[in-house]
Amino acid sequence: MSDSGVANAVAPAFTAAAVSRRAVGEGAWLRWALTGLALLFLAVFLVVPLVLVFREAFSKGWDVYLAALTEPDAWHAIKLTLIAAAIAVPLNVIFGIAAAWGISKFRFRGKQVLITLIDLPFAVSPVIAGLIYVLVFGSRGWLGPWLEAHDLSIIYAVPGIVLATIFVTFPFVARELIPLMQEQGVSHEEAALTLGASGWQTFRRVTLPSIKWGLLYGVILCNARAMGEFGAVSVVSGHIRGKTNTLPLHVEILYNEYQFAAAFAVASLLALLAVVTLVAKSALEFKHQRDRERSARAATRQEEL
Amino acid sequence: MNWKTLIAATALGLVVSTPALAAREILNVSYDPTRELYEQFNKEFVKHWKAETGEPLTVRQSHGGAGKQTRAVIDGLEADVVTLALAYDIDAISEKTGKLPKDWQKRLPHNSAPYTSTIVFLVRKGNPKGLHDWDDLIKPGVEVITPNPKTSGGARWNYLAAWAFAQDKYGSEEKAKDYITKLFKQVPVLDSGARGSTTTFVQRGIGDVLLAWENEALLAINELGKGDFEIVVPSVSILAEPPVTLVDKNAQKHGTTDVAKAYLEYLYTPVGQEIAAKNYYRPTDPKIAKKYADAFPDVNLITVDDVFGGWQKAQKTHFNDGGVFDQIYKPSE
Amino acid sequence: MMSRNRVIPGFGLSLGYATLYTSLIVFIPLAALAAEGISLGGERFWAVVSHPQAVASYTLSFGAALTAALINLVFGLLVAWVLVRYSFPGKRIADALVDLPFALPTAVAGIALTALYGRNGWFGGPLEALGLKIAYAPAGIVVALTFIGLPFVVRTVQPVLAGLERELEEAAASLGADRWQTFRRVLLPALVPALLTGFALAFARAVGEYGSVVFISGNMPYRTEITPLLIYSKLEQYDYAGASALGVMMLLFSFLLLLAINALQYWSLRRQGGG
């Protein structure tokens, strides 16, 4: 039965390491040149801006940094951001898996249109992404009068923030999984089904392990973006301090109050959240890889004996 | 927290016949430059209200660009009171939602503006380019920083002040238009909001002069760079009257009409006026104004009503699509 | 047409759910936008969307987004390759950093980049001395859009590259192909779908970006004014219909472009005999 994609790549590379290393690798100089170029790109576009954010965050010292993060409004913003992400991410994961399964395992008319519709939320300007919910749920929108009559609030309240977050992170999981599952084709699933596994079993035992890493990437990206979204949420939030402010909006508020150090401190917290999830992912991946290597080595030793 | 006080306060709150059991809260939807002002004022008012009625009160605050905040109230943000930059914005709320009467501006003194402000120049220390009045701004090589009048309320005041000067000095609308066109040719960056422009000027070091609200300029000098900047008061500027009002239907719905009204009226009391003055707004109370006279230089002030026939008209002629501002910029070849 | 894959269950369930969810979250709200835009009537709609200022903004928005997506295509592949295939000190940190642009609120990104590339910034000063103006010029918009779209190509290519079976490359090598040939003939075709996906997403994300761009672009009409800013200034005049009209135009362009990219991807998959 199929293992994870990573394992597939790793295991044979180890068993046949001696023979194939030179044939499928690049020369040392090229390797270093490519690595250097990639790192330079990352340094210019990511590291330097990040350094700037942290430098500004600590420009007034630790006290101001900590004070910015422990202030009640900041706490409330952190809570609201986590709530919005905790609702949006699982919903988009379920959708993403369903959509990727349907799209990659079957042939049907209009597939490209469906894929493009899934991509669309990325192309929608955050200004518009907020506006569309105002047009539907606002006082003068389609459902506005009905909502008002029943004393329900969608926009300028938490549900609107969640909706906007779902919208902007909508494509992540699906788009991460579709190319991966298309690449993998259907043969493994077909084999499992022929051997008598049920549809659900096939999904859990065959498909899920092989898309694990792609799914994880999707979740991490979706989560990062859910926490970082500014534009769309800003339109539907109403900016009520201590009530409907998310972390990115709180950053804007602080910046507009000329509390630059505090603004960057809160921003650095968001950056840290992203880095922490990524390090957790890397650690998981590393452990997984080491287990594989160990079993591969054990297998080789057995052969040698 | 002392439980006895809390219980007593709640009991008292019930006796004072508040319809809601929980602590009431009111929401003040305002624009960007009033953040510091209302942070202080809300604290004072909550204290005052507690002392007066024994009722604990929460004042919620929402800030943002004036236009965006107005739209939010129109689209359903349930503000009990609005404290915005222009009467024009509040007119829009009244007109589009019917949540407050058309003649709202007559309900409070001074056209419902408890404090006023004006537009001044913020220049770099020593005024190296020698900028003293509006006509200096179009001298070759002078970089002017102002936000975009299409997206920023403050920028509209800048524009109208400049226009009023030019129309008076050069004698015709045609010439005023020439002046405005030249002025905006000197603008290298049009930020989307007033605070963005301040940052561009102060933090990025771009431009020779920033056109700004007087309160913003004073705040920038005191908070961002003492000694790095100077304020220049032009020969003529514009009287800005940021109005405040109750949003009747929202307050009725929340059962907060009494406290929301008291909140606005408190802005006119000596306490409210002092807070406004300390936050660099010109108080309307003559006594307080006298006390802080040193902080606010004399300026020859014109009003939008006198020169432009009101905000509705000014907005339409100058800032709506196809208006004078749009004609300044030509497609580049 | 569907019979070949009918062994696999879940067609109705997965697609039904996906379609329903897409309709609720994406399609119906966008229909509200279209309805609002159409309410202008044909003639006024056309006047709004064909105004020279609007046309100049489309050219800028789409041009800058395409440039940024191309930069990300090349460097995204490079970064993904280096992260998957090579080991070097600090690799995990580099890997972790890639997602940063998503987590950082776009306004913060815009402010940080403007501070860096402005006249008195770390990069801006030296570059301006060389006669290159980045901040408050179209180049600044490209920088901001490259930043916010950076994770897409890396993260779509990475899992596919990690999942590629090395036997293929070994086979190609044993048949006498050199490394470059193997890359072009064996690896690249397998990566094309993921690359295209990443490109499409980076592009799509860049077209509509507002928060980071308004800080660095300078917002000068006809020169550095992006379409979302025009939409925003329409909203400032309570012109919801005009704003929606511009929004509809952007959506239409993006939809067609994305559709073309997705079709290209489908075609490349077919050519490989997958899908």
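Student: What makes A:D73 and A:R241 a salt bridge?

Tutor: In this predicted model, the closest N and O atoms of A:D73 and A:R241 are 3.0 Å apart. A salt bridge requires a side-chain nitrogen of Lys or Arg within 4 Å of a carboxyl oxygen of Asp or Glu, so the pair A:D73 and A:R241 qualifies. As this is a predicted model, local features need pLDDT of at least 70 and side-chain atom pairs count only at pLDDT 80 or more, whereas totals for chains, interfaces and linings use all residues. Side-chain values use heavy atoms, with hydrogens and water left out; residues are numbered from 1 along each chain as its sequence is written, and chains are lettered from A and ligands numbered from 1 in the order in which they are written.

Student: How do you know that this pair links distant parts of the chain?

Tutor: A:D73 belongs to helix α5 (residues 72-105) of chain A, while A:R241 sits in the loop between α13 (231-237) and α14 (247-256), 168 residues apart. Helices (H or I, at least four residues) and strands (E, at least two) are DSSP runs, numbered from the N terminus.

Student: Why is A:R241 called buried and A:D73 partly exposed?

Tutor: Buried means under 20% relative accessible area, exposed over 50%, and partly exposed in between (1.4 Å probe, protein chains only). A:R241 has 16% and is therefore buried; A:D73 has 21% and therefore counts as partly exposed.

Student: Why is the salt bridge of B:E25 and A:K243 said to join two chains?

Tutor: The N to O distance between these side chains is 2.9 Å. B:E25 lies in strand β1 (residues 24-30) of chain B and A:K243 in the loop between α13 and α14 of chain A, so two chains are joined. B:E25 is partly exposed because its relative accessible area is 27%, and A:K243 is partly exposed at 37%.

Student: Are C:R205 and C:E209 buried or exposed?

Tutor: C:R205 has a relative accessible area of 3% and is therefore buried; C:E209, at 1%, is buried too. These residues form a salt bridge, with the closest N and O atoms 3.0 Å apart.

Student: What makes a set of residues a nonpolar core, and which residues have the most contacts inside the largest one?

Tutor: Such a core is a set of buried Ala, Val, Leu, Ile, Met, Phe, Trp, Tyr and Cys residues joined through side-chain atoms within 4.5 Å. The largest has 308 residues, and B:W134, B:L137 and B:Y159 have the most contacts inside it. Domain 1 (2-44) and domain 2 (60-304) of chain A, with bounds from an automatic or database domain assignment, both give residues to this core, so it lies between them.

Student: What does B:I328 touch, and why is B:I328 called buried?

Tutor: Contact means heavy atoms within 4.5 Å. Not counting residues up to four places away in sequence, B:I328 touches B:Y159, B:I180, B:T181, B:F184 and B:K185. B:I328 lies in helix α16 (residues 324-328) of chain B and is buried because its relative accessible area is 5%.
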